[in-house]
Amino acid sequence: MDDLKAKYLGQIADAGDENALEAIRVAAVGKKGEVALKMRELGKMTPEERQVAGPALNALKDEINSALSAKKAALADAALDERLRTEWLDVTLPTRARRQGSIHPVSQATEELTAIFAELGFSVAEGPRIEDDWYNFDALNIPGHHPARAEMDTFYMHRAEGDNRPPHVLRTHTSPVQIRSMEKQGAPIRVICPGGVYRADYDQTHTPMFHQVEGLAIDQDISMANLKWVLEEFVKAFFEVDDVELRFRASHFPFTEPSAEVDIRCSWDNGQLKIGEGDDWMEILGSGMVHPKVIAAGGIDPDVYQGFAFGIGIDRLAMLKYGIPDLRAFFDSDLRWLRHYGFAALDMPNLHGGLSR
Ligand code: PHE
């Protein structure tokens, strides 16, 4: 019996998996196992012998059974440990870097100027980028033969064969939205119209698509003085300074009379663009008192109403404010540039919290 015990406990200790354990169980304490065979021999024993051998065999059977279940539990633990070791996952590792987008400087500048003009009482109006040539030109006192049509390097849309109507254009400025807004809202009116415009032009400060914001204020007693004040207030608020040097230059636009262009003092030292210093001027806007013919084209009586209009280059404002020397980079979609000059996606510019913090 000591031999049996040593043999099976040894085998159990060496068993590598559950299948081996089961084979040992069958051979040792199964119905036809070695211990059962020994128990059958009890019948041939004398009662005295049986009294010793019986309990001893039962004890052996119990001992083998509990060694089996202890080993079984140990094997299960080892299997679990192995699984935990191989399937281990560090949930405290940092996640993959977030690919967060940023706000383009043109969008940022548009939000900023919208906030400023809202404070000055202007609401936002919009018009189509593919524009009827009547809105883009004729209604703005630029008739068919007018040199301004050629000067603006207009992109014309294609008309179908046999369609003799004048072609649509990619709007060359936001001024057509003046007409659309007057038609829609009548007078008095105070709107700004930000959006994309198109001209065939390409260099450091010109791109074929760029952005303007039109301003229009029509009422019974609006003068050039109001225009100048609004523009000065706007420029100071936009550049977040108390003083900016502006240069009002007499100019000409078919849709305003009188007209003025406005430049801002800047410098381009070593490719660095700085505002408010230096001997250079950058033109940022055209403006003037709305021509009576334009007011009439918008469906408003020019004998009762008058007002001012302006068109500001948004991209140029952004270049000046954020020191971006080349306009073409705005439209390259270079991610490194966008990360460098972009703005946090959730910061909404407003005059009280700060425009461009
Ligand atoms: N539309 C003019 C331009 O694009 C700017 C402008 C707008 C001038 C309104 C006067 C009044 O150059």
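A pocket is taken here as an open set of grid points with protein on both sides within 12 Å along at least five of seven lines, and a molecule is said to sit in a pocket if more than half of its atoms lie within 2 Å of the grid points of that pocket. In the predicted model examined here, the ligand sits in the largest pocket.

The ligand is surrounded by 14 residues, of which the closest are His173, Ser175, Arg199, Gln212 and Glu214. By class, this shell comprises 4 nonpolar, 8 polar and 2 charged residues. With regard to secondary structure, at least two residues of the shell are supplied by each of the strands β5 (209-219), β9 (280-290) and β10 (306-313), and the largest share, 3 residues, comes from β10.

A nitrogen atom of the ligand, in turn, lies 3.0 Å from a polar side-chain atom of His173.

As for the overall organisation of the chain, the assignment divides it into domain 1, spanning residues 2-86, and domain 2, spanning residues 103-344. The centres of domain 1 and domain 2, taken over C-alpha atoms, are separated by 95 Å.

Definitions and conventions. Residues numbered from 1 in each chain as written. Predicted model: local features only at pLDDT ≥ 70, side-chain atom pairs only at ≥ 80, totals over all residues. Heavy atoms only, no water. Near = heavy atom within 4 Å. Polar contact = N/O pair within 3.5 Å; in protein donor to acceptor, adjacent residues only side chain to side chain. 1 Å grid on protein atoms, 1.4 Å probe; cavity = no way out; pocket = protein on both sides within 12 Å on 5 of 7 lines; lining within 4 Å. Helix = DSSP H or I, 4+ residues; strand = E, 2+ residues; numbered from the N terminus. Nonpolar A, V, L, I, M, F, W, Y, C, P; charged D, E, K, R; others polar. Domains from an automatic or database assignment.
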